[in-house]
Amino acid sequence: QVQLVESGGGVVQAGGSLRLSCAASGGTFSSYPMGWFRQAPGKEREVAAAIGRNGDGTYYTSSVKGRFTISRDNAKNTVYLQMNSLKPEDTAVYYCAARAGFTYSGTYTSPSNYNNWGQGTQVTVYS
């Protein structure tokens with residue numbers, strides 16, 4: 001069982017930045033593709049960014065390209081999401097997710113691809 005704990009959310013003015021962290025425990029972090037998802041009120045959970053096991057592949061949804069950066073430090077069992085130039089439409093609960101126990105790496109963009117989730121951290125951007 002993999003435990004994921006997010007941190008770094010908060011309230012920020014439009015144009016500001018936040019850095020989310022997700023610390024993993026209970027497994028072999030370096031073997032998991034990871035993803036950051038977000039869910040706004042009344043909307044479905046959607047991928048914001050995803051990263052392969054070794055950080056050699058990344059994916060960004062179009063609305064965050066050029067503003068968000070996903071990275072990981074396998075020595076620290078942590079994945080990050082650097083969010084710059086934040087907009088009010090980025091307001092959501094952000095979740096990190098791990099795809100554990102599968103053979104292949106790569107980046108995965110559907111919530112159904114992941115089998116371990118954190119509790120979420122709220123990001124609120126005001127104009």
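Contact here means heavy atoms within 4.5 Å. The structure above is a predicted model, in which local features need pLDDT of at least 70, side-chain atom pairs count only at pLDDT 80 or more, and totals for chains, interfaces and linings use all residues. Residues are numbered from 1 along each chain as its sequence is written, and side-chain values use heavy atoms, with hydrogens and water left out.

**The cores**

Let's start inside. Setting aside neighbours within four places in sequence, methionine 83 is in contact with Gly16, Ser17, Leu18, Leu20, Arg67, Phe68, Tyr94 and Val123. A nonpolar core is a set of buried Ala, Val, Leu, Ile, Met, Phe, Trp, Tyr and Cys residues joined through side-chain atoms within 4.5 Å. Buried means under 20% relative accessible area, exposed over 50%, and partly exposed in between (1.4 Å probe, protein chains only). The largest such core has 29 residues, and Met34, Trp36, Leu81, Met83 and Tyr94 have the most contacts inside it. Strands that each supply at least two residues of this core include strand 3 (18–25), strand 8 (78–83) and strand 11 (121–126); strands (E, at least two residues) are DSSP runs, numbered from the N terminus. A second, separate core has six residues, among them Val47, Ala97, Tyr108 and Tyr114.

**A buried aspartate**

Aspartate 90 lies in the loop between strand 8 and strand 9. This aspartate 90 counts as buried because its relative accessibility is 0%. Its side chain makes a polar contact with the side chain of arginine 67 at 2.7 Å. A polar contact is a pair of N or O atoms within 3.5 Å; within protein, one must be able to donate a hydrogen and the other to accept it, and residues adjacent in sequence count only if both atoms are side-chain atoms.

**Aromatic rings**

The structure holds three aromatic pairs. Rings of Phe, Tyr and Trp (its six-membered ring) pair if their centres lie within 6.5 Å; planes under 30 degrees apart count as stacked, over 60 as edge-to-face and the rest as tilted. Two of the pairs are tabulated here.

| Pair | Centre to centre | Angle between planes | Type |
|---|---|---|---|
| Phenylalanine 37 and tyrosine 114 | 5.3 Å | 80° | edge-to-face |
| Tyrosine 114 and tryptophan 117 | 6.2 Å | 65° | edge-to-face |

Phe37, Tyr114 and Trp117 form one aromatic cluster. Phenylalanine 37 counts as buried at 0% relative accessibility, and tyrosine 114 counts as buried at 5%, whereas tryptophan 117 counts as partly exposed at 27%.

Methods
Helix = DSSP H or I, 4+ residues; strand = E, 2+ residues; numbered from the N terminus.
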